[in-house]
Amino acid sequence: MTFEQIKNDEQQYMMHTYGRFQTALVSGKGAVVKDVNDKEYIDFTSGIGVNSLGYCDEGWVKAVTEQASTLQHISNLYYSPLQTELSKKLCEITGMDKVFLCNSGAEANECAIKIARKYSFDKYGDGRRKILTLVNSFHGRTVTTLSATGQDVFHNYFFPFTGGFDYVKANDIADLKSHIDDEVCAVFIELIQGEGGVMPLSKEFVNEVSEVCKEKDILLLVDEVQTGVSRTGAVYCFQNYGIQPDVITSAKGLGGGVPIGACVCSKKLSDVMSAGTHGTTFGGNPIACAAAIEVLSRVTSNSFLEEVNKKGNYIRAKLSEMGNVREVRGMGMMIGIVTEKDNAKQVAAECVDNGLLILTAKNLIRLLPPLTITYEEIDKGLSILKKVMEA
Ligand SMILES: *Cc1c(COP(=O)(O)O)cnc(C)c1O
């Protein structure tokens, strides 16, 4: 198969939902991935923050293949020791109380939204159902998570959208307070807006939101789909902010490359989702759980987190000396770059030609390297980026 054949077949047989980079990837190891012509790329994307341990990490491959040859799926009508082990780990790491396992970020967020509305329904009756989200947020592609997404460009074509969402400005506590009324049951935020342009919320704003929510028994839901699993230098980003949310959602990096999502709630919400109120066929799949257990056992030690922060700082320091860089932001190894020439998309495309994969978010360059990337791989990738940025 040549790249041209693959591209033609994609045109002919697949819905045209993605603007793709001009390469077809077929194999990888660590932070290096190869295309169909055997050309190598340094990977600063991890998928989109998915391959936490890089491509085909030895321990991860062993966990997945051993589980695939032991038991690949059972229905959620039966108990699973892998589901319980993963859920226990997630509760211990987050200080939370209960987990619902699903298959993606959007699904984890759907669960969070259902918990918020049912908690309020059970306690206050019908009518207290509004959820505040932030302008420029991103929460997924289902009809309800599109509604939760605070960007007008996503609110097209698919009418009617799920009602009951309202949008407030990030880092503007007055705007948030002015939107709180008797109908609000939850505030749902990303701590670093990922798709919205790698935009961290201020500690002051987040702490004030947390206080206001506590005062009024409004639930604080944190979408950690992109920021979770040690991406930002803490296992979950809320730990960087010193808050304790009522619900967090996790997905992207959790399975290290297999689909898995988790919705994790505090003790107050433990009994909200009762038998029959929620479910999924694939959620908590044994192979996905085995992968996530391996990922969490590897990325949660203090020494690993320190290394994530060190590598993140190293990358940021090198970027700040690079031409065409106006601003570098983010936390840990979630990094956004504002370019002087406002040419992020062009830089990303030219990096592919030069053997480097990077992402964009809005008009920013976005880097989400595998957490296990070596300094040698970082240097190699950054030298390509420098060449393209300064061309
Ligand atoms: C990617 C993402 C989602 C959606 O996750 P999917 O697995 O694509 O459904 C939701 N929230 C945030 C913050 C994300 O970055």
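Student: How many cavities of 30 Å³ or more does the structure hold?
Tutor: Good place to begin! Keep in mind that this is a predicted model. At a cut-off of 30 Å³ or more, the number of cavities in the structure is 1.

Student: Which residues line the largest cavity, and what is its volume?
Tutor: The lining is made by G49, S52, Q226, G228, V229, R231, K252, G253 and L371. By class, 2 of the lining residues are nonpolar, 5 are polar and 2 are charged. The space inside the largest cavity comes to about 40 Å³.

Student: Which element gives the most residues to the lining of the largest pocket?
Tutor: Four elements each supply at least two lining residues: α2 (46-49), α5 (105-124), α12 (344-353) and β16 (359-361). With 4 residues, the element that gives the most is α5.

Student: And which elements give two or more residues to the lining of the second largest pocket?
Tutor: The second largest pocket has a volume of about 760 Å³. Of its 30 lining residues, Q83, V99, F100, L101 and M273 are the closest to the centre. The elements giving two or more residues to this lining are α4 (81-94), β4 (98-102), α5 and β12 (261-265).

Student: How does the lining of the second largest pocket divide by class?
Tutor: Here the classes are nonpolar, polar and charged. For the second largest pocket, the lining has 13 nonpolar, 14 polar and 3 charged residues.

Student: Is the crossing of α3 and α10 left-handed or right-handed?
Tutor: Let's look at who meets whom. G59, W60, A63, V64, Q67 and A68 in α3 meet P286, I287, A290, A291, E294, V295 and R298 in α10. These contact residues divide into 9 nonpolar, 2 polar and 2 charged. As for its hand, the crossing of α3 and α10 is right-handed.

Student: What is the hand of the crossing between α4 and α10?
Tutor: The axes of α4 and α10 come within 9 Å and cross at roughly 35°. As α4 passes α10, the crossing is left-handed.

Student: Which residues make the contact of α4 with α10?
Tutor: By class, this contact has 10 nonpolar, 2 polar and 2 charged residues. From α4 come L82, Q83, E85, L86, K89, L90 and I93, and from α10 come P286, C289, A290, A292, I293, L296 and S297.

Student: One last pair! Why do α11 and α13 count as roughly parallel?
Tutor: Helix α11 (residues 302-320) and helix α13 (residues 375-389) have axes that come within 11 Å and cross at roughly 25°. Angles under 35 degrees count as roughly parallel. So the description of α11 and α13 is roughly parallel.

Student: How many charged residues are in the contact of α11 with α13?
Tutor: In α11, the residues E307, K310, K311, Y314, I315, K318 and L319 meet Y375, I378, D379, L382 and L385 in α13. By class, 7 of these are nonpolar and none is polar. The number of charged residues is 5.

Note on methods. Residues are numbered from 1 along each chain as its sequence is written. This is a predicted model: local features need pLDDT of at least 70, side-chain atom pairs count only at pLDDT 80 or more; totals for chains, interfaces and linings use all residues. Side-chain values use heavy atoms; hydrogens and water are left out. Axes are lines fitted to C-alpha atoms, for helices over the stretch in contact, and angles run from 0 to 180 degrees between N-to-C directions. Angles under 35 degrees count as roughly parallel, over 145 as roughly antiparallel, 65 to 115 as roughly perpendicular and the rest as oblique. Contact means heavy atoms within 4.5 Å. Ala, Val, Leu, Ile, Met, Phe, Trp, Tyr, Cys and Pro count as nonpolar, Asp, Glu, Lys and Arg as charged, and the others, Gly among them, as polar. On a 1 Å grid over the protein atoms alone, a cavity is a set of points where a 1.4 Å probe fits but cannot get out, and a pocket is an open set with protein on both sides within 12 Å along at least five of seven lines; lining residues have an atom within 4 Å of a point. Grid points are joined across faces, edges and corners, and a volume is the space filled by probe spheres set on the points. A crossing is left-handed if the near helix is turned anticlockwise from the far one by less than a right angle, and right-handed if clockwise.
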